[in-house]
Amino acid sequence: MIIHNQENHVTTFINISEFLKHHLQGEHSVALNTILSDVIEACKNITVVIDKGALTGNMGNLGSENIQGEVQKALDVITDDIFIKTCQQSGYVAGMASEELVDVIEIADNNRKNGQYLLLFDPLDGSSNVNVNISVGTIFSILKSSNKKPELSDFLQAGTEQICAGYALYGTSTMLVLTTGNGVNGFTLDVDSNEFLLTHPDMQIAKDTQEFAINMSNYRFWREPVQRYIDECLQGEEGDRKKDFNMRWVASMVAEIHRILIRGGVFMYPTDSKSRSGKLRLMYEANPMSFIVEQAGGASTTGTQRILEVKPSGIHQRVPVMMGSKNEIERIAAYHQAKSKRK
Ligand code: AHG
Ligand code: MN
Ligand code: MN
């Protein structure tokens with residue numbers, strides 16, 4: 001695909017299907033190619049709905065709550081439907097699970113003839129941002145099922161078992177970022193051709209950073225190691241870290257992780273005395289994002305354990321999340337270890 005920019009310079013980009021044809025190797029390549037083409041279609045369809053904004057009259061809350069007890073936005077449900085409808089008929093997806101639905105989604109017998117893959121997703125991440133026109137996203141994860149007709153227990157696999165993870169960011173442009181365990185690549189949706197083009201090959205997270213993302217209003221509820229880390233960032237040049245830090249908080253995990261992939265940083269949603277186990281969901285948010293972050297050279301922890309090694313006990317379980325630039329995440333983990341030793 002050839003793109004002419006404003007100065008009429010010509011740049012050639014490869015599109016995502018050409019990229020996947022060469023990039024996907026090994027036993028899952030045919031299945032992933034097929035499943036991902038549906039995921040790509042779903043993200044394009046969601047882009048159209050998000051871009052229409054208030055024109056669709058879908059910006060408000062529904063009266064309902066999701067399984068997490070959170071008020072559902074109309075768009076949470078609309079994007080959930082789009083994702084399910086677009087991805088359930090490839091023949092390779094044997095079961096799905098959504099942040100928005102209590103039970104796992106069964107796939108009809110004639111739609112799961114070819115393979116035994118599981119697709120888990122958060123259809124609209126950061127949905128509190130949707131009616132203020134700030135970036136939102138979709139996050140997904142693909143696992144292999146050991147059962148042709150998957151049951152709940154087939155979904156409860158550690159993040160290390162993921163064979164693919166990715167997100168779409170509906171930002172100033174729509175981007176798709178994904179990993180199949182062989183690096184991280186980012187694609188930008190070209191609105192003229194309606195194709196995702198490879199604009200960010202082999203994304204890498206800087207090992208060091210001077211930028212953190214956390215909801216500071218929860219400060220008094222955090223545990224001591226998190227307070228210590230943030231206190232030191234705030235002390236800046238005058239404190240032990242001897243450098244000033246910057247802070248960002250979009251309140252869309254997809255946007256924060258994307259920023260970290262581009263310019264480094266740490267993202268934290270720790271345990272606190274209000275929520276106990278954290279806010280973010282292991283299967284739909286923490287695991288796929290951890291896979292991406294690690295594949296880009298970053299690190300990801302609950303504070304005491306590598307997120308990808310957490311053995312899930314429930315499909316909607318929440319975990320504390322700290323991920324991003326490797327040296328900072330190691331420091332945060334060391335502060336947690338020091339605290340537990342002092343106990
Ligand atoms: P979701 O919209 O899927 O429920 O996720 C929102 C999450 C995450 O994207 C974001 O980082 C965090 O919630 C924001 O939390 P606060 O409202 O505490 O800022
Ligand atoms: Mn989310
Ligand atoms: Mn969501």
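Buried here means under 20% relative accessible area, and by that cut-off M253, V254, A255, E256, I257, H258, R259, I260 and L261 of helix α6 are buried. Welcome to a short tour of this predicted model.

**Helix α6**

- Nine of the 11 residues of α6 are buried, so the helix is mostly covered by the cut-off given above.
- G264 follows α6 and has a positive phi, near 80°.
- The helix also takes part in a pocket: α6 (253-263) is among the elements that each supply at least two residues to the lining of the largest pocket.

**The manganese site**

- Three residues coordinate the manganese ion (ligand 3): E99 through OE, D122 through OD and L124 through its O atom, at 2.2 to 2.3 Å.
- Along the sequence, these donor residues follow the spacing E-x22-D-x1-L.
- Which residue coordinates both the manganese ion (ligand 3) and the manganese ion (ligand 2)? That residue is D122, and the two ions lie 3.7 Å apart.
- D122 is buried, with a relative accessible area of 0%.
- L124 is buried as well, at 2%.

**Cysteines**

- How many disulfides does the structure hold? The count is zero.
- C87 itself is buried, with a relative accessible area of 2%.
- For C164 the closest cysteine sulfur is again in C43, at 11 Å, so this pair is also too far apart to bond.
- C164 is buried, with a relative accessible area of 0%.

- Is strand β10 (residues 174-179) largely enclosed or open? Six of its six residues are buried, so the strand is largely enclosed by the rest of the structure.
- In a regular strand the side chains alternate between the two faces of the sheet.
- In β10, T174, L176 and L178 point one way, while M175, V177 and T179 point the other way, and all of these are buried.
- On one side of the pairing, strand β9 (residues 164-170) runs antiparallel to β10 and is joined to it by six bridges.
- Within that pairing, A168 has L176 of β10 as its bridge partner.
- The two strands β9 and β10 make a hairpin, with three residues between them.
- β10 also pairs with strand β11 (residues 184-190), in the antiparallel sense and over five bridges.
- Here L178 stands opposite N185 of β11.
- The hairpin of β10 and β11 has four residues between the strands, and G181 takes a positive phi near 90° there.

**The largest pocket**

- The largest pocket holds about 430 Å³ of space.
- Its lining consists of 26 residues, and G126, S127, S128, A251 and K279 lie nearest the centre.
- Besides α6, the elements that each supply at least two lining residues are β4 (71-73), β7 (117-125), β15 (266-269) and β16 (280-281).
- By class, the lining of this pocket has 11 charged, eight nonpolar and seven polar residues.

**Enclosed cavities**

- Searching the whole structure gives two cavities of 30 Å³ or more.
- The largest cavity has a volume of about 60 Å³.
- A94, G95, V104, I105, E106, I107, R112, K149, P150 and F155 line the largest cavity.
- Strands β5 (93-98) and β6 (105-106) each give at least two residues to the lining of the largest cavity.
- Six nonpolar, one polar and three charged residues make up the lining of the largest cavity.
- The second largest cavity has about 30 Å³ of space.
- Its lining is made by L120, S141, L143, Q157, A158, G159, Q162, M283 and N287.
- β8 (136-144) and α7 (282-295) are the elements that give two or more residues to the lining of the second largest cavity.
- What classes of residue does the lining of the second largest cavity have? There are four nonpolar and five polar residues, and no charged ones.

Methods: Residues numbered from 1 in each chain as written. Chains lettered and ligands numbered in written order. Predicted model: local features only at pLDDT ≥ 70, side-chain atom pairs only at ≥ 80, totals over all residues. Heavy atoms only, no water. Donors = N, O, S within 2.8 Å, 3.2 Å for Na, K, Ca; no water. Buried < 20%, exposed > 50% of the residue type's maximum accessible area, 1.4 Å probe, protein only. Disulfide = S-S within 2.5 Å. Pairing = 2+ DSSP bridges. 1 Å grid on protein atoms, 1.4 Å probe; cavity = no way out; pocket = protein on both sides within 12 Å on 5 of 7 lines; lining within 4 Å. Points joined across faces, edges and corners; volume = space filled by probe spheres on them. Nonpolar A, V, L, I, M, F, W, Y, C, P; charged D, E, K, R; others polar.
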